[in-house]
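Subject: Structure handover

Hi,

Here is the structure for you to look over. My notes follow below it.

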Amino acid sequence: VIGAGTMGHGIAQVAAQAGLEVVLYDLLPEAIERGLGAIRANLEGGVARGKLTAEDRDATVARIRGEPDLESAASGAQLIIEAAPERLDLKREIFAALDRSAAPSTLLASNTSSLAIAKIAEGISHPGRIVGMHFFNPVHLMALVEVVRGPASDESSVQRAVEIARAMGKEPIVVRDSPGFASSRLGVALGLEAMRMLEQGVASAEDIDRAMTLGYRHPMGPLRLTDLVGLDVRLAIAEYLERELASEVFRPPAILRQLVAEGRVGKKAGRGFYDW
């Protein structure tokens, strides 16, 4: 797993819980330690709630090792999942390095929530082995994985990704490589409209969210979800979708730009649409 942040350590955890041997890579050793610490905390919570045994916890931790060297992390891997920040230049740089260091038979997957797999795979010598595997936050609780079929993805690669997702206890759907795929395109559109309603004084953030949790049985309202994802992340995705789809639906509201400029980017900053 490339990247030990929120998504990366979550993917590493569910893979290890499924019995897979996992290497967690990050450029920063301290990020690896934070990621491993978060995994241990999640597992401890599972034990405390009676969802896991202490033996399960210990076995899961034992299957994960941190690695700050990309070539060493990639060596011998059958599947590599990239979970780096949502920047095309960074992802292309990572996949170019993996193209050099991973075996030709290794399945390469990106956890991107919106960027085109075709663009991520540009210049790669074996593009047929590249797919999207979009997990959801928090990874250890959310069932969905979007498997994204790029224009050059081999059918065997898509099916391997589906099988691995199921082995991790997830419910995969297969989507075509189009901006925002299925979930981000729908979810971002809903979130941006909720922000416009807040901006226009239609209702409070709490009541807008209640409209969706109580009226439509969503497990969480769109504004609270945006706080968890990160307002900065949502802004970047909205700008990308507006540009790629040429649609006013995805034009970022002023309130989103303002809060990001103020550093109120959600739970990770302690403030967003809510105080945390």
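Strands E3 (residues 79–82) and E4 pair in the parallel sense over four bridges. Pairing here takes at least two DSSP bridges between two strands. Ile81 has Ala109 in E4 as its bridge partner.

E4 covers residues 107–110. Leu107 and Ala109 point one way from the strand, Leu108 and Ser110 the other way, and all are buried. Buried means under 20% relative accessible area, with a 1.4 Å probe and protein chains only.

A word on the source. This is a predicted model, in which local features need pLDDT of at least 70, side-chain atom pairs count only at pLDDT 80 or more, and totals for chains, interfaces and linings use all residues. Residues are numbered from 1 along each chain as its sequence is written, and side-chain values use heavy atoms, without hydrogens and water.

Now the whole protein. The secondary structure comes to twelve helices and seven strands; these are DSSP runs (helices H or I, at least four residues; strands E, at least two), numbered from the N terminus. The C-alpha trace spans about 55 × 45 × 30 Å along its principal axes. Of the 276 residues, 48% count as buried.

Contacts (heavy atoms within 4.5 Å) come next. Among those between residues at least 6 apart in sequence, 66% join residues at least 24 apart.

The protein exposes about 13,200 Å², and carbon and sulfur atoms supply 53% of it. That area comes from the Shrake-Rupley method with a 1.4 Å probe.

Best regards

How values were computed. Buried < 20%, exposed > 50% of the residue type's maximum accessible area, 1.4 Å probe, protein only.
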